[in-house]
Amino acid sequence: MEMNRRHLLALAVTLPVLAACGDTRQQPQSQPSGVVKSGVPTLDPNRPGNETWPFEEAEALNKSLTWPTTDVPEPSSMVTLTAAITSDVVAEVRNAQFDLFFKQRHPNIEIKREVSPIDAYLTKYMAQAAGGKLPDVMYTHYSWAQNFIANDIFQPLDDYIAKTPSFDMDDLPENALGYFKDGAGKLYGLPTDMAPKLLFYNKDIFDAAGVDYPDDSWTFEKVLEMSRELTKGESAGKIFGFTPMPIPAPDLATIFLMPYGGRFLSQDEMSVAITQEPAKKAMGMWLDLLIKDKATPSLAELNQVLEKVEPFKIGKAAMSIQGAWILTELSKQKAFKWGAAPVPKGPSGRFTPAVGSALAMTANSQQKDAAWIYLNEYLSSTGQQFRRISAPARQSAWLPNAEALGIPKDVVEFAQAAMKEYATSDGVMHLPANKKVVDTALPIWEQAMIGKLSLDEALQQIVDKVTPLLAENKIA
């Protein structure tokens, strides 16, 4: 175990942190307001609420739902359960409401939340794990889970699930559970949210050009063709055909390379495959779209003209491949009409990453039964409906949540079909070296994006620099 602790301390020092799901450029960002220094909103503990989640509405919703039960016994005396999460201001209000109503149903379980910003979470809890002190329940991003599992930090949940037949594992996407399993198939985390990526498009731009909207027949070649056709204007008035430019990211291969039979890393994440012809061809097509056609934003345009704002979200791009978690944000904006379609296909098929986050129980928790009672409710379909997640892991929660949030039914159908038919964790980097791989490869690729390196030079440099890092993916 001493070897594990040294490894944990090294990880705590060297590993940066990813955002909530997938490519960090494609995450909805909440702007905190009315918060204390820790980032946690100041709430009335007896009536938490804000404009987004009024307390009275939350109370009525809580009473209208049928909450699950568990065969695990309630604690006979008061216990305090510590739950470590990462949360923005809006989500934290909903969590506070959930915990209040949970306490009413389970008066002997007190919930103490530890809320940490996403960019500090992994470092903080790696250091705590090395010191042998952890909370009872922990959030984990899909890309961090194997670090925790390999170091015996999480408790396997299979026995608790077996004790709770109503937990209904069939309601969770089997193709996205692998992030949270060990080599023997034991499950250590259960997803809170899990979503595919879709092809989103700006209807106003398509209508103005008089062209048909994307559909499930579209290939990547069609997307590139239409990106060139729909790019118009200059400077601040420019409309881009597609955004964002593919970059080294955990899900690069699944979206952009596997449709051509290529990969960024090998399937076991132990070697680099991006210089092989299928991957090289795909990366070259997108580099041409950027440099020759100027149909996707350059680094200069992103940083200076667009001021680091994702152009699709402000109506400055015709198409974008984004995670379904963007649906809440799109449903609230009134600047343009939008739609969604399946991601394009390539000669080798259609793929989309199924990515998300999970909650886990720590192995050293002294309140495991109470922790499971909490997990059972928080991760149930009822719990995900209460929290109104736009991309819930529970498939039964998609439609009621979409109706409550004003998300079009056809978009929900596309997302659920993707999860069932072609979403996958294959190709999505999630072993321990993944963030170092991205941080090493990205600056090299950016040199190609500004024309300082050729395609061949950039890809070979990525191979040379990334290959030594992959030794970290072989965990004893």
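In which helix does lysine 435 lie? Lysine 435 belongs to helix H17, residues 434-449. This is a predicted model, in which local features need pLDDT of at least 70 and side-chain atom pairs count only at pLDDT 80 or more, while totals for chains, interfaces and linings use all residues. Residues are numbered from 1 along each chain as its sequence is written, and side-chain values use heavy atoms, with hydrogens and water left out.

Helices (H or I, at least four residues) and strands (E, at least two) are DSSP runs numbered from the N terminus.

The table gives relative accessible area; buried means under 20%, exposed over 50%, and partly exposed in between (1.4 Å probe, protein chains only).

| Residue | Relative accessible area | Class |
|---|---|---|
| Lysine 435 | 12% | buried |
| Lysine 308 | 68% | exposed |

The side chain of lysine 435 makes a polar contact with that of aspartate 439, at 2.6 Å. A polar contact is a pair of N or O atoms within 3.5 Å; within protein, one must be able to donate a hydrogen and the other to accept it, and residues adjacent in sequence count only if both atoms are side-chain atoms.

Lysine 308 sits in the loop between helix H11 (299-305) and strand S7 (317-323). Leaving aside residues up to four places away in sequence, lysine 308 touches Leu302 and Asn303, where contact means heavy atoms within 4.5 Å.

**Helices H2 and H3**

Phe55, Ala58, Glu59, Leu61 and Asn62 of H2 meet Arg94, Gln97, Leu100, Phe101 and Arg105 of H3.
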